[in-house]
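Let's take a walk through a protein model together.

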Amino acid sequence: MSDTTQQNKDFRGVSRRRFIAGTSSILGAMTLAGHAAAAAEQVVTAAGPIASGAHVPVLVIGTGYGGSVAALRLAQAGVDVQMIEMGMAWDTPGSDGKIFANTTSPDYRSYWLRTRTKQPLSNFLGFPIDKDVPLYTGILDAEEMGGIIVYQGRGVGGGSLVNGGMAVTPKRENFGAILPSVDADEMYGTYYPRANAGLGVGTVDPTWFESADCYQYARVGRKQAQRSGFPFVFVPDVYDWDYMEQEAAGTVPKSALAGEILYGNNYGKKSLQKTYLAQAAATGKVTISPLHKVTSVSPAAAGGYTVVIDQLNTTGGTTATKTVTADRVFFAAGSVGTSKLLVKLKATGALPSLNSEIGQGWGDNGNVMCGRANHLWDPTGALQASIPCGGIDNWTAGGAFAEVAPLPTGIETYASFYLSITKNPNRAQFSWNATTNSVDLNWQTAWKQPAIDMAKSIFDKINAKEGTIYRTDLFGTYKIWGDHLTYHPLGGAVLNKATDNYGRLQGYSGLYVIDGSLIPGNTSVNPFVTITALAERNIETIIATDL
Ligand code: FAE
């Protein structure tokens with residue numbers, strides 16, 4: 001039995017309520033169970049944003065997975081933490097009474113400083129579906145780097161605000177290739193379980209799954225995978241599965257069943273605001289400054305680091321520039337954010353002693369998307385839960401793990417849609433461009449070809465068996481592969497290369513990296529559980545030895 005299958009069995013073996021109660025040594029059960037359905041979580045305290053001239057013991061750049069773990073554990077150890085987040089707080093409803101916009105009707109809240117949407121599925125039935133939106137510090141950044149669009153969450157909670165919540169622990173036999181310098185026994189014995197508990201991970205009730213209308217697309221995906229000889233595995237998620245069952249029963253406001261996902265879930269999803277950040281706020285020792293963007297970190301004459309921060313308005317303008325001092329700084333701005341900052345700071349002389357590994361080892365987790373057109377006798381359902389719950393595992397034989405993903409359009413499309421995570425070996429590098437005063441990434445679109453070939457190891461076979469074809473209308477006109485993007489940027493400040501084996505940046509004491517940039521380009525599955533578990537491991541050692 002594979003680890004993933006075993007893990008799924010373990011998750012099914014305990015009821016979700018017992019699972020949550022069992023996590024109380026890590027996080028209060030109250031938070032996970034009680035707030036999952038709440039629309040908003042006030043994790044930004046009334047203390048107000050950081051003041052210019054402040055001196056803080058610890059400053060954390062970014063409020064995603066790595067930053068949230070660092071803030072919580074430091075606060076629990078008695079340290080005051082300032083978190084700086086360039087995105088918004090996402091705790092206040094808009095004029096429609098909702099905090100987040102629906103995937104099917106993007107508005108000003110949906111995109112980070114764009115005047116036109118940049119939807120991952122750019123076309124439907126061959127027609128472009130992007131539309132104009134007002135310029136705003138919205139929740140999803142479609143950052144166009146060299147040859148690839150990197151999607152990232154912006155706001156308090158980072159990627160947890162926009163992602164599908166798929167919370168996958170890699171199979172143990174793949175771990176050596178993911179983080180070769182890390183003790184796998186420790187990770188699988190201590191830190192993966194701690195991360196899963198802290199994130200509130202659970203799995204769909206398999207009995208409910210068999211009859212739920214909203215998972216017809218997943219059952220079709222399973223049937224077709226199995227008919228071609230591929231294992232289908234249930235994939236754990238941080239969505240509150242009990243809440244989803246209530247959505248289906250019509251007793252609570254709908255979120256996953258209303259197609260919410262890409263621009264935030266108003267209910268049901270246990271984003272970091274409801275787990276790690278809620279716990280961090282409850283310590284009273286963590287302050288978050290939203291709409292604040294770190295632009296520089298350099299050694300301060302009197303010790304510690306001088307951090308320069310731009311305060312932003314909701315059209316991206318700078319309303320104030322603040323200079324503060326921090327004894328220690330944690331870079332948790334995500335793979336792209338941290339890499340861009342460090343590459344700039346090294347090249348422009350702010351942190352010249354960073355080593356030459358800075359900016360190296362960046363990968364896209366092998367992401368590639370595709371759709372298949374089913375026969376009329378294989379409808380995938382007009383109602384589709386936006387939260388995926390299963391995948392096809394051909395990692396060992398063909399180098400691909402494919403999420404069976406929804407197409408929550410509200411109409412029957414007879415389409416099956418997949419996001420594949422593949423063993424694509426290509427790695428890119430960030431570098432400083434003195435002419436444009438910005439950081440470039442040298443990724444080439446053609447570098448997706450190995451990912452396409454690996455995804456084809458699954459879908460060519462399914463198409464041949466089913467007598468079906470690829471959809472060509474989702475990413476352009478007559479374009480099969482969604483090879484222009486990634487949801488899973490990883491690397492750029494790789495563990496044990498740019499940093500020591502716990503994320504301490506080489507060359508500077510008191511500077512740490514604690515996010516997805518530590519992971520060299522691929523995790524074999526969706527990455528946030530590994531980012532969280534690695535952060536749990538690293539912060540434990542840092543607290544024990546450095547503070
Ligand atoms: P991240 O969560 O990106 O947090 C970084 C934070 O730093 C962000 O809030 C930034 O706004 C902020 N920041 C950046 N620069 C600055 C600066 N200079 N100053 C201040 N703040 C700054 O980093 N992963 C899964 O495992 N399962 C899924 O189902 C899944 N689905 C996804 C779906 C979508 C659409 C997307 C975009 C991603 C998805 N991911 C998924 C990926 C996952 O969200 C991502 O790996 C993690 O969020 C990365 O965590 P980090 O802590 O590295």
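Predicted model: local features only at pLDDT ≥ 70, side-chain atom pairs only at ≥ 80, totals over all residues.

The chain is divided into two domains, and each is made of several separate stretches of sequence: domain 1 takes 3-90, 271-362 and 490-546, while domain 2 takes 123-176, 202-267, 365-433 and 444-486. Between the C-alpha centres of the two domains the distance is 26 Å. Domain 1 brings 61 residues to their contact, and domain 2 brings 62 residues.

Now find the ligand. Where does it sit relative to the domains? Domain 1 and domain 2 both give residues to the shell around the ligand, so the ligand lies between them. That shell has 37 residues, and those that come nearest are Glu-85, Gly-159, Met-166, Gly-516 and Phe-528. Sorted by class, 16 of the shell residues are nonpolar, 17 are polar and four are charged.

Let's look at some individual atoms here. Glu-85 places a polar side-chain atom 2.7 Å from an oxygen atom of the ligand. With Gly-66, a backbone N or O atom lies 3.0 Å from a ligand oxygen. Gly-164 also uses a backbone N or O atom, which lies 3.2 Å from a nitrogen atom of the ligand. How much of the ligand does the protein cover? Alone, the ligand would expose 1000 Å², and the protein buries 95% of that. Several elements give two or more residues to the shell: α4 (65-76), β6 (148-153), β9 (292-299), α11 (334-347) and α14 (528-546).

Next, visit Gly-491, in the loop between β19 (485-486) and β20 (511-513). Is this glycine buried or exposed? Its relative accessibility is 0%, and because buried means under 20%, Gly-491 counts as buried. Among the residues that Gly-491 touches are Ser-335, Gln-360, Trp-362 and Gly-516. Gly-516 is also one of the residues that come nearest to the ligand. Gln-429 is 62 residues from Gly-491 in sequence, yet their C-alpha atoms are 9.2 Å apart in space.

Trp-90, in the loop between β2 (81-84) and β3 (123-124), has a positive phi of about 55 degrees although it is not a glycine. Ser-524, in the loop between β20 and α14, is also a non-glycine residue with a positive phi, near 75 degrees. Trp-90 counts as buried at 5% relative accessibility, and Ser-524 is buried at 3%.

Methods. Residues numbered from 1 in each chain as written. Heavy atoms only, no water. Helix = DSSP H or I, 4+ residues; strand = E, 2+ residues; numbered from the N terminus. Buried < 20%, exposed > 50% of the residue type's maximum accessible area, 1.4 Å probe, protein only. Contact = heavy atoms within 4.5 Å. Near = heavy atom within 4 Å. Polar contact = N/O pair within 3.5 Å; in protein donor to acceptor, adjacent residues only side chain to side chain. Areas by Shrake-Rupley, 256 points an atom, 1.4 Å probe, with all protein chains shown as cover. Nonpolar A, V, L, I, M, F, W, Y, C, P; charged D, E, K, R; others polar. Domains from an automatic or database assignment. Lists of a residue's contacts leave out its neighbours within four places in sequence.
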